[in-house]
Structures are given as C-alpha cells and as structure tokens.
Amino acid sequence: MIEQAENARLSRRLATIQLDSPVTFDSETYHVKPPHQDQLIDLLRELGFTTLLKSFQPSFAPAETNEVKTELVQDEPSAQKFVAGLPKGGALGLQCLLSPGSSMQADVQGIALSTGDKTSFIPLDVRTYMRPITALLHDPTRTKVVHDLKATLLVFHRIGLTLAAPYLDTMVADYLLNPNRRDHQLETIAFEVLDHRLGTGQKENAAPQSLFDEDTGSREKAAEAASVLAKLAPALTERLSDQGSLTLFTNVEMPLVSVLAEIERNGFLLDVEALHRLSKELERDLDKMIETIEGLAGGEFNINSPKQLATVLFEKLGLRPIRKTKTGYSTDEDTLTQLATQHELPAQIVNYRSLSKLKSTYVDALPELVNPETKRLHTSLNQTVAATGRLSSTEPNLQNIPVKGEYGLRIREAFIAPAGHTLLCADYSQVEPRILAHLSQDPRLLAVFAKGEDIHMATAMEIFGLSASHITRDMRRVAKTVVFGIVYGISPFGLASNIGVSQAEAKKYIETFFEKFSAVRALMDRNIEEGKTKGYTTTILGRRRPIPELQSGDPTQRGFGERMAVNSPIQGSAADLIKVAMIDVNNALHHEMPHTKMILQVHDELIFEVPEKELAEAKHLVKTVMEETGKKLGLSVPLKVDLGTGHNWRVAHP
DNA sequence: GGGACAAGT
DNA sequence: ATGGGACTTGTCCCA
C-alpha cells in the first residue's frame with residue numbers, strides 16, 4: 001500500500017523532470033509482488049529462518065486438510081480393540097499431549113499412538129484401561145517413534161510409565177542428517193521428508209466434537225503428530241542408512257537418549273549456603289573495585305558496558321585503540337592486557353570483569369536453578385545442538401563451570417556429594433591427541449601412546465630437538481599449545497598470539513611439528529580434500545558434518561571451512577567415543593552397582609555420585625569400561641582414564 | 001534480537 | 001591494512 005503511493009508519487013515527479021538519458025520508468029516494475037511461495041519456504045528452511053518461516057506458513061495453508069482419523073480410547077474394551085486392530089510390529093508413533101507449562105513441571109494429559117494408518121488418542125485422567133496400552137509401550141517388536149524422546153522419557157517416568165526400546169527419535173535422526181541446522185522441529189522434518197504441513201489439520205475455532213469433548217484442537221494435533229511420526233520412521237531410517245549413519249543412530253544415539261534422561265533426572269547437589277556466602281564476599285570485592293576503577297577513570301560509568309568503557313579508555317584517557325569490532329573499539333581481555341602497559345585502569349577492568357562474570361553467571365544464578373522438589377541442579381543435556389557431535393548443556397550449563405582462579409575453584413567446591421556419598425570424576429587423558437594418532441597412524445605418535453609416554457614432553461623433544469632432561473616447563477607448554485593448535489587447524493597467527501611468540505617463530509614450530517609427524521599433515525590434507533570432494537567430513541563411527549564453506553569463493557570462508565574439516569573428525573570422533581563409554585558404563589552400573597549414579601558429562605569427563613562403601617568398586621568399573629571403549633571401537637592407541645574422588649567437585653577433579 | 005564478552009573442553 | 005584455532009552457553013548492554 002505504501003509502495004503504491006510512493007510509486008505514484010514518484011511517477012508524477014519523474015514526469016515533470018526533463019531527462020537527458022532515455023530512461024523509461026514503468027512504475028509497475030516496482031510493485032512488490034507476492035513471494036514465490038514454494039521457493040521462499042524452501043530457502044527459509046534451508047537457511048534455518050524458523051521464525052520467519054512460521055510467520056509465512058499460515059498464509060500458505062493448503063486447501064486440503066491433514067486431519068487424521070482418530071479413535072478415542074477411554075476404557076479397557078476400546079483399548080483392547082485398538083491394540084488388536086493394529087498390524088504386528090513396525091513403527092509406533094507416540095506423541096504426548098502435555099498440559100501447558102514448562103516441560104519439567106508439565107503433566108501428561110494424554111498420549112496419541114499411531115501406526116500410520118491407525119491412530120488413537122488416550123486421555124490419561126483415568127488409568128483403568130491402561131493395561132493393553134502399556135503392553136504396547138513395552139512391545140519390543142515395535143519401534144517407538146518419538147520426537148524428543150528424552151523429554152518423553154522424563155515425563156513418562158514422572159507419571160510412572162515406561163517406554164521400552166527400540167526407539168527412533170525423529171529429532172535426533174534429523175540431527176544426524178543435518179547436524180549444521182539448529183532447528184530440528186517436527187514441523188520442519190515432516191514438511192521436508194513427507195511434504196506434510198503439520199498443524200493444519202484442525203480448523204480455526206473448531207466446534208467441539210462429541211468425541212473430543214475437551215481441548216479438541218490439541219488432541220487432534222497430537223494425533224496428527226503421532227501419525228506423521230509413524231510415517232517418518234521408514235523414510236528417516238532409509239536416509240540414515242544411505243549416509244552410513246544408521247549404526248551410529250541405532251547403537252549409539254538412541255541408547256544414549258535414556259542415559260541422558262537418567263543423568264538429568266539424577267542431578268547434581270549444590271551447596272547453596274556456600275554460594276550465598278561467596279556472593280557476599282564477591283559483592284564486597286566488586287564494590288571496592290568499582291571505587292578504584294571510577295577513581296582511575298575520573299568519574300562514574302557502567303563498567304559492564306563495553307561501549308561506555310571504550311569511551312573512557314579511548315576518549316577520556318586517550319589510550320590508543322588496539323583493534324576494532326563491528327560496532328566500535330574492542331575492549332576484550334587481550335586488548336586490555338596490551339593497554340595495561342600504558343595505564344593502570346585496563347588491568348583493573350580485566351579483574352573486575354572476571355569476578356563480575358563469576359558472580360552473575362554462577363554464584364548468583366546457580367542457586368536459582370535448584371529444583372525445589374529434589375533440591376538438586378538438573379541440567380539439560382542436549383543431543384542435537386553441537387554440529388560436531390558433542391553434547392551441550394543448558395539451564396544451567398554445567399559444562400563451563402570455572403576451574404581456574406581462587407573464586408572459580410570456590411564455585412566448584414559448591415558442587416557436592418550428599419552425606420555418605422562421594423564424587424568420582426573420570427577424565428579421558430588427551431583423547432583428542434590420541435584420536436589424532438589413530439586417524440593419522442603417525443608412527444611416532446602411535447609409539448608415544450603405546451609406551452604411555454607424556455605426549456607434550458615427547459612433542460617438545462621433537463620440536464626443539466632436545467633430550468628430555470633439556471626440556472623446560474615453558475618448552476613443554478609451547479609443545480602442548482602446538483598440539484592443540486594442530487587439532488583445531490592451526491595458523492601461525494593464532495598460535496603466535498596464543499604462546500606469545502612472533503608469527504615467524506610460530507610458523508617454525510608448526511613446520512617442525514609436521515616434519516617430525518608427517519602423517520599428521522597427510523591426515524589434515526586428506527580431511528580437507530575429502531571435505532571438498534564429498535562435501536562433508538566423517539568420524540570413526542560414521543558421523544557426518546557437511547562443510548559448505550569449503551566451496552566458498554571467499555578465502556576467509558574457505559580457511560574457516562578447512563579448519564572445520566581438520567577439527568570436526570577429531571572432535572566428533574572423541575564425542576562418538578565418550579557416548580559409547582557412557583552407554584556401556586551406565587549399563588554396567590545398572591547391573592553391578594545400581595546405587596552409583598552418573599550425574600554429568602563434560603566432553604571428555606564423566607562424573608558420578610557414589611556411595612562411599614562402593615567407591616573402590618566403582619572406580620575400577622568406570623576406569624575399565626571407559627578404557628575398554630577404545631579397544632571396542634578399534635582404536636590403534638590405548639585410552640587412559642584419570643580418576644579423582646572427593647566430597648566436592650574441586651577436590652574430585654583429576 | 002544481536003553484539004561483545006567470558007566461562008568451559 | 002587487517003586478519004586466520006574448534007565447539008558451546010549465559011549475561012549484559014543497547015537499539
């Protein structure tokens with residue numbers, strides 16, 4: 001509308017202007033036309049513009065309806081009739097209908113079950129008719145197809161229901177098929193795989209039907225989802241099989257789901273009182289620091305605002321900016337450390353920032369997340385976020401609890417074991433370098449690990465060409481950083497800024513490393529080459545990661561892609577490995593020591609809560625099973641697990 | 001809602 | 001002339 005008025009105005013104006021060049025103006029050309037629906041939807045989905053996609057979806061609602069014919073089951077005979085009428089075995093779609101509210105507190109109002117052509121909805125207010133249904137939920141010949149299985153398992157557990165394997169979680173399946181995507185919603189998958197527009201089945205303001213007397217729309221929606229789930233199963237299975245990920249999916253990712261649910265349910269005990277005391281202490285320290293800082297700055301300002309800080313540093317105090325961000329001058333730690341030579345203020349800011357971070361993110365935030373019923377901290381371990389195959393942790397993120405600095409360690413101290421129990425931390429020692437050795441088959445690296453030598457010492461000896469007795473702590477530190485850099489896809493610049501040497505010096509280290517461990521260079525070249533020709537990289541268990549950046553014309557983008565191509569197989573294989581270990585350890589614990597509970601995974605580390613009496617036994621079991629995982633997966637190097645124990649995470653950390 | 005920054009592996 | 005380590009999540013500021 002606005003465009004039209006604008007166009008008309010413009011046409012009139014142009015008509016009054018004498019033009020020298022023969023430009024024709026046709027205002028029609030400038031009219032905004034409706035988008036090319038299908039192309040737009042495809043593009044938005046490909047780019048992961050979920051919110052935009054949703055905003056477009058309603059206007060594209062197709063004329064046809066996806067309504068699913070559904071039986072309502074609310075007594076034993078009808079339950080029996082439904083179950084008896086189902087074809088034997090195969091996929092059973094399951095969708096819970098939750099009461100409104102957060103997933104942790106929500107109640108199950110009912111469940112929809114479907115084989116694809118037969119669908120039923122079972123309200124869960126009365127339980128007398130549940131027997132045939134629970135038999136169905138435990139039928140080992142039926143694959144339970146669920147979207148976000150972990151959430152379903154958690155909710156089921158709360159209401160005393162169980163769901164037996166085998167499972168097919170469509171969310172996780174889609175993650176293995178498209179690990180770069182952030183969005184793995186059922187709606188998106190259904191549309192892409194089945195061309196089915198979910199949620200269009202129910203009409204707006206549908207009149208209540210006699211069959212579904214309450215909340216008709218939601219019940220229909222659950223039924224439709226269940227039916228779609230059943231239909232997705234064969235298609236997703238085929239896709240996974242085609243890309244060589246079906247074994248990973250079936251033998252690792254699916255069994256892992258219930259392990260993760262269990263970890264989340266177990267939770268971590270937190271010493272809230274200790275954190276409260278720490279908070280007071282930090283507050284005092286921070287107040288003092290604010291005074292000092294404002295004294296040095298010559299006035300009040302918001303230290304938490306990088307923008308205001310930049311004004312103080314670079315305008316008021318006239319310090320020379322080191323580098324720019326998109327929006328202004330950078331004030332990150334690296335910059336401030338450099339500025340520290342010119343003025344007292346920057347060092348104070350660095351200090352203030354680190355304490356302020358600890359206080360707001362951990363000390364004050366963690367107690368708020370303690371579940372009032374269990375009195376414990378229940379993180380969410382997400383299986384479908386990290387593109388490399390790692391897990392991620394949210395609400396709270398327990399994978400980035402501080403480990404450095406006095407205050408950082410005091411925070412770890414607040415993660416405790418209950419009376420009569422102790423924490424057991426089991427840490428894979430240098431998994432990534434070991435995987436590097438395995439993937440590259442570099443003879444020197446293999447030898448180092450076979451002999452159980454110190455990898456960083458060994459590389460230091462090679463890089464500097466010295467015998468063990470001549471390697472200083474600093475040389476070992478440099479070697480360690482070089483190995484890390486190699487794993488991440490190194491550049492001389494990155495390494496140089498990391499170890500504080502010149503770029504030329506860093507380049508020399510890298511070159512020497514590659515001379516001594518030439519199979520490692522060959523591996524990287526191979527990873528990049530494979531990424532370029534196939535479009536994706538793979539891990540030891542066949543996990544894929546597409547790297548479209550490798551095809552980019554932009555050298556920066558391509559460089560980025562090359563580093564991902566180097567890092568993803570290593571980081572991803574490490575993720576594969578620990579996932580297998582988690583499943584095996586959990587199984588062993590269930591069989592042999594049911595009172596020892598796994599309570600967290602932090603990428604290469606597993607944490608357990610153990611009754612003190614079982615500690616010796618648990619240590620042995622955990623270490624053995626974790627180290628056996630390497631042999632099980634055919635690794636060319638032994639795996640080493642370090643153990644630590646104690647009543648809090650600080651002392652238990654190896 | 002995006003950017004800057006900082007915490008972890 | 002400037003920029004090149006991977007993967008995350010949470011907090012804060014600011015438009």
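Which residues lie nearest the centre of the second largest pocket? In this predicted model, where local features need pLDDT of at least 70, side-chain atom pairs count only at pLDDT 80 or more, and totals for chains, interfaces and linings use all residues, they are Val403, Asp427, Phe484, Asp604 and His653. Residues are numbered from 1 along each chain as its sequence is written, chains are lettered from A and ligands numbered from 1 in the order in which they are written, and side-chain values use heavy atoms, with hydrogens and water left out.

**Chain A overall**
- Chain A holds 25 helices and 17 strands, which are DSSP runs (H or I of at least four residues for helices, E of at least two for strands) numbered from the N terminus.
- Of the 654 residues of chain A, 48% count as buried, meaning under 20% relative accessible area with a 1.4 Å probe and protein chains only.
- Where contacts (heavy atoms within 4.5 Å) in chain A link residues at least 6 apart in sequence, 65% join residues at least 24 apart.

- Leaving aside residues up to four places away in sequence, Met582 touches Leu256, Val259, Leu260, Ile263, Leu391, Met598, Gln601 and Leu606.

**The second largest pocket**
- A pocket is an open set of points on a 1 Å grid over the protein atoms alone, with protein on both sides within 12 Å along at least five of seven lines, and its lining residues have an atom within 4 Å of a point.
- The second largest pocket has a volume of about 1500 Å³, a volume being the space filled by probe spheres set on the points, which are joined across faces, edges and corners.
- Its lining has 45 residues, with the largest share, six residues, coming from helix 19.

**The cavity**
- The structure holds one cavity of 30 Å³ or more, a cavity being a set of grid points where a 1.4 Å probe fits but cannot get out.
- About 40 Å³ of space lies in the largest cavity, whose lining includes Ala387, Thr388, Arg543 and Ser568.
- Strand 13 (536-538), strand 14 (544-546) and helix 23 each give two or more residues to the lining of the largest cavity.

Key. Buried means under 20% relative accessible area, exposed over 50%, partly exposed in between (1.4 Å probe, protein chains only).
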